[in-house]
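The following note sets out several points for a colleague who has the sequence and the model at hand. Please read each point alongside the structure.

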Amino acid sequence: MIAAIPISLEVNGEHVDELVLPRLNLADFLREHLHLTGTHVGCEHGVCGACTVRVNDEIVRACLMLAVQADGGSVQTIEGLSDSGEIDDLQQAFRDRNALQCGYCTPGMLMAAQDVLKQHAEPSREQIREHLSGNYCRCTGYQAIIDAVETTARLRRERAP
Amino acid sequence: MKAAAFAYARAKSIDDALRLLAAYGDGAKVLSGGQSLMPAMNLRLISPDLVVDIGGIAELRGIAVEGDVLRIGALTRHVDLLRSPDIAINAPLLAEAVEHVAHPAIRNRGTLGGSLAHADPAAELPACMLAMDAVIVLRGEGGERRIAAFDFFKGIFQTAMSANELLVAIELPIARKNTAYFFHEFARRHGDYAIAGLAAQAVVESGVFTDLRLAFFAVSDRPVLAGVSNGLVKTPVTPALVAKACTALGLELDPQDDQQASGEMRRHLARVLLARGIAVLLGQPELASRAA
């Protein structure tokens, strides 16, 4: 019998203590233990990007990380980014430009998009495309997503003092 | 799918990890960044009894210049390689190659040591180790062992490392003033595994190669250091000589067919890479167009 392991971490700013089995990945931990179902599970082997979350301020694949590896860390999910208002403008740009349809990829896409926007104030379309290249979307054909990210970058520059 | 059940141990030190590996033998797997191990476990291609997490071992981290050697700890992540000024200055080939490895979210977790120990023949970093003449530093319970990259890769997911050894670091000779490098790969999409790729490093003096290391990947069961470099060093490189080297390369390589490409297509792409690589390394663009 394999024993559960205690972990302590911060999720969206709240302290969490849980007991988890080693095999539990971070995506399933967030969804099933914490009921944060905004993190989607697609391929479960690191290809589709639907499970993208932030760990210690960097985006990662939650399906390629064990929950026990997040012990002591800080995790931010789409619920955290959404509730804090950090990506209000990005979400609005996605709506305005029809950059989503079924919505399955959207949480991961927003995590990756916000990451490129944090790293580059004026990203080129090529940079945006490269940064989102690990996130699959089967509905939009990507152009609208690139447009929305580009628009958000421009509006943020215009708003900046 | 989900990974099958396994026991988990967080190693506190290299010695601690080695003790765990010795106790479990082949039943144990080392978890570094997990970007190859986790997919393999989720797909149930492997089901280890014990996962030894080395992610917290501080002695496996860090990038340091020691004399004319650049030492890179096994836990150095792809993103660390991309951001490091030491890598940009002393191992620019590596910095360029890492941009082709997967995607940002993967590069934030994947490690150099993990990629080398995994030894995927289509991966970028093993080929870079060959091109840069790296030394792989292994630690076992008997002590440290150093092995040239050329002798390290043994086949698909096969290395010279035994199940109770740990890859602790790599050492690279630092790039000199007249070191030139080239990296390119052909892949279906950016970030995918290559169909064929070339990592090359050379020393160029007065327009002539005095040293040339051409490491092709995704064209064999391991990265291949091409022997055609011998005909290109210490001699003026002409379009005719490049064409001759391309023909010889086609004979030297024996790539396999798979669902991505036929062996013949890979051979063709390797020849294209060779001509482009030589042209870039020597700074003579006309060599690529006229040889092809």
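Predicted model: local features only at pLDDT ≥ 70, side-chain atom pairs only at ≥ 80, totals over all residues.

1. The axes of α3(A) and α6(A) cross at roughly 135° and come within 9 Å. With that angle, α3(A) is oblique to α6(A), and the crossing of the two helices is right-handed.

2. The residues that bring these two helices together can be named. From α3(A) come A:Asp89, A:Leu90, A:Ala93 and A:Phe94, which meet A:Ala148, A:Thr151, A:Thr152, A:Leu155 and A:Arg156 of α6(A). Sorted by class, the contact of α3(A) with α6(A) comprises five nonpolar, two polar and two charged residues.

3. Helix α6 (residues 143–159) of chain A also packs with α4(A): their axes come within 11 Å and cross at roughly 40°.

4. On the α4(A) side, the contact with α6(A) is made by A:Met109, A:Ala113, A:Val116 and A:Leu117. The α6(A) side contributes A:Ile145, A:Val149, A:Thr152, A:Ala153 and A:Arg156. By class, seven nonpolar residues, one polar residue and one charged residue take part in the contact of α4(A) with α6(A). A:Thr152 and A:Arg156 are also named in the contact of α6(A) with α3(A).

5. Chain A is assigned domain 1 (5–81) and domain 2 (87–159). Taken over C-alpha atoms, the centres of these two domains of chain A are separated by 22 Å. Their contact involves 13 residues of domain 1 of chain A and 13 residues of domain 2 of chain A.

6. Which elements supply at least two residues each to the side of domain 1 of chain A that touches domain 2 of chain A? They are β3 (52–55) and α2 (78–84) of chain A. Of the elements on that side of domain 1 of chain A, β3(A) gives the most, with three residues. The class make-up of the side of domain 1 of chain A that touches domain 2 of chain A is seven nonpolar, five polar and one charged.

7. The contact between the chains takes 24 residues from chain A and 27 residues from chain B. On the side of chain A that touches chain B, β4 (58–61), α4 (106–119) and α5 (125–131) of chain A each supply at least two residues. The largest share of that side of chain A, four residues, comes from β4(A). Its classes are 10 nonpolar, eight polar and six charged residues, counted on the side of chain A that touches chain B.

8. Chain B is divided into domain 1 (7–53), domain 2 (64–173) and domain 3 (179–291). The C-alpha centres of domain 1 of chain B and domain 3 of chain B are 36 Å apart.

9. Is B:Met161 buried or exposed? This residue lies in the loop between β9 (158–159) and β10 (166–173) of chain B. B:Met161 counts as buried because it has 20 C-beta neighbours inside 10 Å. Apart from neighbours within four places in sequence, B:Met161 is in contact with B:Ala117, B:Leu138 and B:Leu167. B:Met161 and B:Arg145, 16 residues apart in sequence, are 9.8 Å apart from C-alpha to C-alpha.

How values were computed: Residues numbered from 1 in each chain as written. Chains lettered and ligands numbered in written order. Contact = placed C-beta atoms within 7 Å. Nonpolar A, V, L, I, M, F, W, Y, C, P; charged D, E, K, R; others polar. Domains from an automatic or database assignment. Buried ≥ 20, exposed ≤ 12 C-beta atoms within 10 Å, placed from the backbone. Axes fitted to C-alpha atoms, helices over the stretch in contact; angles between N-to-C directions. Parallel < 35°, antiparallel > 145°, perpendicular 65-115°, else oblique. Left-handed = near helix turned anticlockwise from the far one by under 90°.
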